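Please read it alongside the sequence and the coordinates.

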Amino acid sequence: MKPQTPPTACVTERRQWLQSAVAMAACLAAPAWAQGRGGASGRLVVPFAPGGGNDVLARQLSHGLAESFGYNMIVENKPGAGGNLGTEMVVRASAQSETYLLGHTGTVSINPALYKGLKFNAATDLQPVAMFASSALLLVVPSTSPIRSVSELVKALRDKGEAMNYASSGSGSGGHLAGEMLVYMLGAKATHVPYKGTAPSLNDVAGGMVDFSFSVIPAAQALVKSGKLRALAVTSLERHAQLPDVPTVAESGVPALSKFESTLTYGVLAPKGTAPDTVKKLAQDILQVAAQPAFQSKLGVEGAVPLLGDAAAYAQKIQQETSKWAAVIKASGASV
């Protein structure tokens, strides 16, 4: 006669089987990268062409995530419309698609006010994950210019008005808006001269055809070192580590500019509805990578510095920048 299995043993075995089944189902339902991420992949959309600063930072972050966590974050460039095409691509992506945006202040906080007729608002239609870096601009004049300080530039702007001109890499660029902020805060005027890129704009400043420019640091710094440009100030509130002898605009002694700050914040954003646990874990991984000295030294090559913050801190930063730039754009009438 076959021995009987005690009822309690049957219950125990059934409970263990159910627990195992539930655990397996949870693993299957969770995103692959949340299970250890070995061999798993996501997509990081860069809304600009390959080779620029945004692209370089995205690839450095992707490399760090792969090296530290085995998570293959594939970088995909989607340029066009000042970053709006790539941004909208992520806005429209599924919350389960593991598609993310390499965002910065221009695409997230400036474009909603600068571009008319957009069918989305990156500041509200995307979900911040984490911020990891910030970059300032360098205010430069020709090396032959009589202007040797921000205060002297301010005097020239107030004396000459629209006869003073400034170059940028294009309408809607960081350099364009920094110039608009300068004259807005001073209550002055100047003429904006947009170029198709940083190199031609700086070449004309160096040649004395344009009075001044706000430029990305690596390109401008090279011409400062060669003696073709003179650096007046950086646009962050603190001095830049690579330019310790260059004051900030806020340090100029001009009362109207005591709070001047024009920087770009870099971070990662996700489609609305992305699971909170997914956002939290990815933020932890991004911040761990961004805290590594090797990663931070690579930021420096691009003229950027670490600015670490989780989803809540990044959301607050986006809100502050959106309000600030909307006021500048409205007052100046800047458009593209």
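Glutamate 321 is buried, at 3% relative accessibility. This is a predicted model. In it, glutamate 321 forms a salt bridge with lysine 324, the closest N and O atoms being 3.5 Å apart.

**Salt bridges**

- The salt bridges in the model number eight.
- Lysine 324 and glutamate 321 both belong to helix α12 (residues 311–332), where a spacing of three residues separates them by about one helical turn.
- Lysine 324 is partly exposed, at 24% relative accessibility, whereas glutamate 321 is buried.
- A network of salt bridges links Lys317, Glu321 and Lys324.
- Another salt bridge joins the side chains of glutamate 76 and arginine 43, at 3.3 Å from N to O. This pair connects distant parts of the chain, with glutamate 76 in strand β2 (residues 72–77) and arginine 43 in strand β1 (residues 41–46), 33 residues apart.
- Glutamate 76 is partly exposed, with a relative accessibility of 27%, and arginine 43 is partly exposed, with a relative accessibility of 27%.
- Glutamate 88 forms a salt bridge with arginine 92, with 3.3 Å between the closest N and O atoms. Glutamate 88 is partly exposed, at 26% relative accessible area.

**Aromatic pairs**

- The whole structure contains four aromatic pairs.
- One of them is the edge-to-face pair of phenylalanine 132 and phenylalanine 295, with 6.1 Å from centre to centre and 65° between the planes. Phenylalanine 132 is in strand β4 (residues 126–142) and phenylalanine 295 in helix α11 (residues 293–301), so the pair ties together parts 163 residues apart in sequence.
- Phenylalanine 132 is buried at 0% relative accessibility, and phenylalanine 295 is buried at 5%.
- Tyrosine 166 and phenylalanine 212 are stacked, because their planes meet at 20°; the ring centres are 5.5 Å apart. Since tyrosine 166 lies in strand β5 (residues 165–168) and phenylalanine 212 in strand β7 (residues 212–216), the pair ties together parts 46 residues apart in sequence.
- Tyrosine 166 is buried, with 1% relative accessibility, and phenylalanine 212 is buried, with a relative accessible area of 0%.
- Tyr166 and Phe212 form one aromatic cluster with Phe214 and Phe260.

**A charge over a ring**

- Lysine 281 sits over the face of phenylalanine 69, 5.6 Å from the ring centre.

**Serine 201**

- Serine 201 is in helix α8 (residues 198–206) and is buried, at 2% relative accessibility.
- Leaving aside residues up to four places away in sequence, serine 201 touches Ala167, Ser168, Ser169 and Tyr195.

Notes. Residues numbered from 1 in each chain as written. Predicted model: local features only at pLDDT ≥ 70, side-chain atom pairs only at ≥ 80, totals over all residues. Heavy atoms only, no water. Salt bridge = Lys/Arg side-chain N within 4 Å of Asp/Glu carboxyl O. Helix = DSSP H or I, 4+ residues; strand = E, 2+ residues; numbered from the N terminus. Buried < 20%, exposed > 50% of the residue type's maximum accessible area, 1.4 Å probe, protein only. Contact = heavy atoms within 4.5 Å. Phe/Tyr/Trp six-rings, centres within 6.5 Å; stacked < 30°, edge-to-face > 60°. Lys NZ or Arg CZ within 6 Å of the ring centre and 35° of its normal.
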